[in-house]
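Okay, thanks for coming, everyone. Take a look at the model on the screen, and then I'll talk you through some side chains.

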Amino acid sequence: MKCTIRIITLSIAAALAFTGCGKSNNHGPATANSADDTGGSLKGDFGPPQGPDIKAELTSPPNVPPPTNRNHPARVIVDLDVIEKEMAISEGVTYTFWTFGGTVPGKFIRVRQGDTVVFNLNNMPDSKMPHNIDLHGVTGPGGGAASSFTAPGHTSRFTFKALNAGLFVYHCATAPVGMHIANGMYGLILVEPPEGLPKVDHEYYVMQGDFYTAGKYREKGHQAFDMDKAIDEHPTYVLFNGKEGSLTGDNALKAKTGETVRLFVGNGGPNLVSSFHVIGEIFDKVWFEGGTRYQENVQTTLIPSGGAAIMDFHLEVPGSYVLVDHSIFRAFNKGAMAILKAEGPDRKDIYSGKEVDAMYIGNRAEPNLAPVVDAAMAAKAGALSQEDQSKAGQVLFAGTCSTCHQANGQGLEGVFPPLAKSSVLKDDPKRIVDIMLHGLTGPITVNGKEFNSVMPPMAQLTDDEVANIGTYVLNSWGNAGGRIEKTDVARKRAAGPSATAAKPEH
């Protein structure tokens, strides 16, 4: 009997030893406590603060403060302003955001595990609402919300010790909580492990959020918050860093081949889960859920509402890498798209390359969409010209129509009909409105050649976008000219599909 017990004991010990092998493969950087234990709150108290107070450097997205580079805990002072302000949410569309620090997401905060953080929340005198802050990295009731309810023109202060390492969301938790978050009140706080994170060449701050406006996607002018849409979880926009195009064109993230990029990615919600993906890259490491363990060789990672993740990847091949929520209609029809531009020599041994990314990612590859903004402002002032429309229509065409019809309007031989010198548009210029709104299926003869393909309805386009694209097409590539008015589109939309939209040319 004693022999049997001894054998069982040895077997259990061997099994435990085996399961312990290789644990460091899925850990983040080990803390000072042990190679296999990142501590948690029970081991995250490294004693009282040492040295002089440190004023935290807060950064606006997509920038990240530098590493703390300290071997001791400190008393860190954080000053964060609450600012309610009107900003662009898309080209020609404005929204009244409630913000931490004047940006969406709010300022990035970086401290060290064991630091004592003195947090000052300042609500600006011109705010209309009281606000507070719930930091998921705080151990204490409400994550600080219970201690930070702040009326306009007032300041609240509370102190906490950062006991757990990780990447944590913060957000407003004043009722109605969902409305405050939906208006942009969220951000990230990084609590570094004592020895810091592995060095990389670039660190960027990206945060997804879903927004609920009274008007439809890209409807111009100022848009109000729609509570019914928010409750039903039907967002008008799903965005990175609070604005469509915030990280595209001139604002794209930048790196060089041979460099390693780290993304700190959060999801403010308030409702949707993000399927975060970088098209053309594979994450070497993902610290999933913002914790201290990582997974390797990841294609897409889930980030829950109110959650975060850290991801590292190395760039080998130059080009434009597209950051998306891979719930893909959110990317191409609600705005959840960003771009990382990598510069460097070609690596034909890794990727042969065929430069089609400008077609694939559409108008977000352009330097900017300023003509769309100019046209919206001109329309608001009652001074919209045909030239304004054509310029706006050109950049919208690049992102909506050029993949099939080509940038020069020639279409694809035997597949998609040409728009250049189009016989269909010559006979009925305003038929282009019906086709864009309601689609076109079945045989059609254009310029003497028969085509039989499918064009889906472009229902996501607003009336002014249809008018601008139509005006651009009618005045390009040898077409006869003309102008489509926003009112023309509104009438066609209200009337529904017409017989002429799908009729073949005789």
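**Rings, cores and charges**

Let's start with Trp287, which counts as buried at 2% relative accessibility. Buried means under 20% relative accessible area, exposed means over 50%, and partly exposed is in between, using a 1.4 Å probe and protein chains only.

Quick background: this is a predicted model, where local features need pLDDT of at least 70 and side-chain atom pairs count only at pLDDT 80 or more, while totals for chains, interfaces and linings use all residues. Residues are numbered from 1 along each chain as its sequence is written, and side-chain values use heavy atoms, leaving out hydrogens and water.

Okay, rings. The whole structure has 16 aromatic pairs. Rings of Phe, Tyr and Trp (its six-membered ring) pair if their centres lie within 6.5 Å; planes under 30 degrees apart are stacked, over 60 edge-to-face, and the rest tilted. Phe119 and Phe158 are stacked, 5.5 Å centre to centre with 20 degrees between the planes. Phe119 is in strand β5 and Phe158 in strand β7, so this pair ties together parts that are 39 residues apart in sequence. Strands here are DSSP runs of E, at least two residues, and helices are runs of H or I, at least four, numbered from the N terminus. Both of these Phe residues are buried.

Back to Trp287: its partner is Tyr294, edge-to-face, at 5.4 Å centre to centre and 70 degrees between the planes. Tyr294 is buried too, with a relative accessible area of 10%.

Now, which residues touch the most other members of the largest nonpolar core? They are Ile89, Phe108, Leu167, Leu188, Phe211 and Phe264, out of 29 residues. A nonpolar core is a set of buried Ala, Val, Leu, Ile, Met, Phe, Trp, Tyr and Cys residues joined through side-chain atoms within 4.5 Å. There's also a second, separate core of 28 residues, including Leu272 and Met311.

Glu465 has one with Lys220, the closest N and O atoms being 3.6 Å apart. Glu465 is in helix α11 and Lys220 in the loop between β10 and β11, so that pair ties together parts 245 residues apart in sequence. Glu465 is buried at 1% relative accessibility, and Lys220 is buried at 19%. Arg347 and Asp349 also meet in a salt bridge, at 2.8 Å, N to O, but here Arg347 is partly exposed at 33% and Asp349 is exposed at 61%.

Methods: A salt bridge is a side-chain nitrogen of Lys or Arg within 4 Å of a carboxyl oxygen of Asp or Glu.
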